Each structure stands twice: as C-alpha cells, then as structure tokens.
Number of protein chains: 2
Amino acid sequence: MSNRRDAVHEILRQSEGFRSAQDVYAEMRAEGAKIGLTTVYRALQALADSGHVDTLRTDDGESVYRACASGDHHHHLVCRRCGRTVEVAGPAVERWAEAVGSEHGFTGITHTVEVFGTCASCSSAAAKPAGVPSRA
Amino acid sequence: MSNRRDAVHEILRQSEGFRSAQDVYAEMRAEGAKIGLTTVYRALQALADSGHVDTLRTDDGESVYRACASGDHHHHLVCRRCGRTVEVAGPAVERWAEAVGSEHGFTGITHTVEVFGTCASCSSAAAKPAGVPSRA
DNA sequence: ACGGTTTTGACAACCGTTTTCATTTGCACG
DNA sequence: CGTGCAAATGAAAACGGTTGTCAAAACCGT
C-alpha cells in the first residue's frame, strides 16, 4: 500500500532535478499508474519529513522535491534553464552562517542556501529555443 | 497617486521584520487607510521590482516583504521567534556561490541565502518560561 | 472644464495545496 | 476462510494567497 510512496520516491530518483508535486503526479498517470493527486502530496510530505527527499520553494511558491544522494546537510546548484541539480557541500557557508548568527546573539542557527545559474550545456544552447525539461 | 505605494513602503519601514502582503493590508485598514488588497500587492511588487524592499517566501509559500536599509546585495538573519531581522553582508558567501557555480560550468550565478535562528531575547525567554527575561 | 491616461479597488478567477470523507486495502485474529 | 479495524487511498470540495478583470475614480496637461 505504501507501495505508492515508494513509487513516488522512485520517480524522484529517476529525475535529474527538482520536480513539483503536480509534475510527479502527471508523470505517474502518464505511465499508467493509478494514483491520486492527494496521495502524491502525502507521499511527498512523508518523504520530506523522513528526510528521504529534499524540498524547496520556487519563486512562484510551488514546492519542489528531489531525492537526494545523501542525507547529509548539503545545498543545491540548480540550472534555471533545465533544472539539472548538483548537490554541493559548503563548509565555508556553514561556518559563515553559524558565525554570523552567534555574532548577533542568535542561537539554533539554521539556514537555507540555494544557488542558481545556467549550466554549461544550456548556456551554449542559449541561442536555440530551449529544451523542455519539466517545467519552464 | 503612487501615494499608496509610499504608504505601503512606510508601513514596511516601521516594521522590524518581514511582513506579509495581507498583514500590511490589514494594518493599513486598521489605521483607517482606504486601500484595497490589490493595490497593496501591486505596491509591494513594484517596490520589490525597484529594489526598495526585499522579498522572500516563508515555508508555507507566503510572500513576505521588508524595507531594507541598503539597496546593496545582502542577506538576512531572521529570528524564527519574533521575526526580528538583521541585515548581514557575506562576502565569503558571495564568493563561494560564484566559485561553486563556475566550478560546475554554471554561469549567471545568483543565490538565495537566509539564516534563521532564535535571537538572544527570545532564547532567554524560552529558556526561562516563567518570565524573568534576564541575561541577554 | 475636458479628453486621455494612469491608478485604484471590489470581485472573480487561478492554482497549488490541504482537508474531508466515503471507500478500499492490508492485516491480525477468531 | 470470514470479520473487524485501523491505515491508506483518492475524488471532490474547501482553502488561502496571489493575480487578473474591468469599470469607476484620480491625475495631468491643455
């Protein structure tokens, strides 16, 4: 039954970058899976809660998810064109955040860091129409 | 006429941390201002576009705005308890983002960095439940 | 005052997400 | 095998923030 959840997880595993809930739902339906939007949302939330996937908000307020290679703390370098994502570690940033926080008397520091850019292949294809990765 | 816009800006100026659009709208109405929600949104967008205010998304997808002291690029250290916000500069982070990006062949690097924590007064209030907000 | 343009704001449309709730499924036990 | 029950599912409705629509109001130069 929580077969659905694994299925959702699988979709994310096969994806390069971040996917939205609706996106995942659409793909599953397209593949013939019998699943409801509600369940996709629930699965995604469960996976996020259990730390199996990473989640972040796009600028337009949509939640996007991604199966991460490691459960360790890390950040993302996302191609704003094709959505390809690279996981990056940033010890320097961690330290900086911690330092800047305590410097101002803040405790229990957490932080969100996302880096966006245009990846090599996308920037070289810049003159062309642009691929259609998942969303754009 | 863009009197409304200035009014909205003023509300943000008087605020300590980030405010949501609806929040600003509610306050303005409470103060007796004749303004519509639509206009508040438009003013906020205009201010954000012109760089007069900073904007970010809360975890629940709401957009929040804040009048920033400087138009320069900077980040925020936000108290997750009371919302108090400190603007912080992070040359190290800027460099790191740039480096990590080009390292992977990405161009046109941008980034979002937000640091959250509990500020001194809030954490001391939390540690000592029954009031007695002594040491800072 | 007058036409043309911009701004405004009540209201409806949107859209992603969450809730509701009746139904189905899985499972332990008799 | 049934039976009962709790968890999972999903269709549809509810939600809530944001955006679009469009007619009325405010401006502005003349």
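**Exercise 1. A strand pair in chain B**

What is the bridge partner of R57(B) in strand 3 of chain B? Describe the sheet around this residue.

*Solution.* The model is predicted: local features need pLDDT of at least 70, side-chain atom pairs count only at pLDDT 80 or more, and totals for chains, interfaces and linings use all residues. Residues are numbered from 1 along each chain as its sequence is written, chains are lettered from A and ligands numbered from 1 in the order in which they are written, and side-chain values use heavy atoms, with hydrogens and water left out.

Step 1. The bridge partner of R57(B) is S63(B), a residue of strand 3 (residues 63-67) of chain B. Helices (H or I, at least four residues) and strands (E, at least two) are DSSP runs, numbered from the N terminus.

Step 2. Strand 2 of chain B and strand 3 of chain B run antiparallel and are joined by 5 bridges. Two strands count as paired if DSSP finds at least two bridges between them. Strands of a sheet pair through backbone hydrogen bonds, either parallel or antiparallel.

Step 3. In chain B, 3 strands make an open sheet in the order 1-3-2 with antiparallel pairing. Its edge strands are strand 1 (19-20) and strand 2 (53-57) of chain B, each of which pairs on one side only.

Step 4. The side chains of S63(B) and R57(B) also make a polar contact (3.5 Å). A polar contact is a pair of N or O atoms within 3.5 Å; within protein, one must be able to donate a hydrogen and the other to accept it, and residues adjacent in sequence count only if both atoms are side-chain atoms.

Step 5. Leaving aside neighbours within four places in sequence, the residues in contact with S63(B) include R19(B), S20(B) and T55(B). Contact means heavy atoms within 4.5 Å.

**Exercise 2. The interface of chain B and chain A**

Determine how many residues take part in the interface, and which elements of chain B supply them.

*Solution.* 

Step 1. In chain B, 37 residues are in contact with 37 residues of chain A.

Step 2. The area buried between the two chains is about 2800 Å², and carbon and sulfur atoms give 65% of this area. Buried area is the accessible area (1.4 Å probe) that two parts lose on being put together, summed over both. R57(B), W96(B) and F106(B) supply 23% of the area that chain B buries against chain A, more than any other three residues.

Step 3. The interface has 0 salt bridges, a salt bridge being a side-chain nitrogen of Lys or Arg within 4 Å of a carboxyl oxygen of Asp or Glu. The polar contacts across the interface amount to 14 residue pairs, both residues at pLDDT 80 or more.

Step 4. Among the elements of chain B that each supply at least two residues of the side touching chain A are helix 4 (91-103), strand 6 (107-118) and helix 5 (120-127). The largest share, 12 residues, comes from strand 6 of chain B.

Step 5. Strand 6 (residues 107-118) of chain A and strand 6 of chain B run antiparallel, joined by 9 bridges. Within this pair, V113(A) stands opposite V113(B).

**Exercise 3. The fold and annotated positions of chain A**

*Solution.* 

Step 1. Chain A has 5 helices and 6 strands, in the sequence pattern α-β-α-α-β-β-β-β-α-β-α.

Step 2. An open sheet of 3 strands in chain A has the order 1-3-2, with antiparallel pairing. Strand 1 (19-20) and strand 2 (53-57) of chain A each have a single partner strand, so one side of each is left without a neighbour in the sheet.

Step 3. Strand 4 and strand 5 of chain A pair in the antiparallel sense over 4 bridges. These strands form a hairpin with 5 residues between them, and G83(A) in the turn has a positive phi of about 85°.

Step 4. An unreviewed UniProt entry lists C79(A), C82(A), C119(A) and C122(A) under "binding site". These residues are spread over 44 residues of sequence yet cluster in space, with a largest C-alpha distance of 8.2 Å. C79(A) belongs to strand 4 (residues 75-79) of chain A.

Step 5. UniProt also places "binding site" (unreviewed entry) at H73(A), E94(A) and H111(A). Their largest C-alpha distance is 10.6 Å, although they are spread over 39 residues of sequence. H73(A) lies in the loop between strand 3 (63-67) and strand 4 of chain A. UniProt positions are given in the numbering used here, feature names are shortened, and annotations may be inferred rather than shown by experiment.
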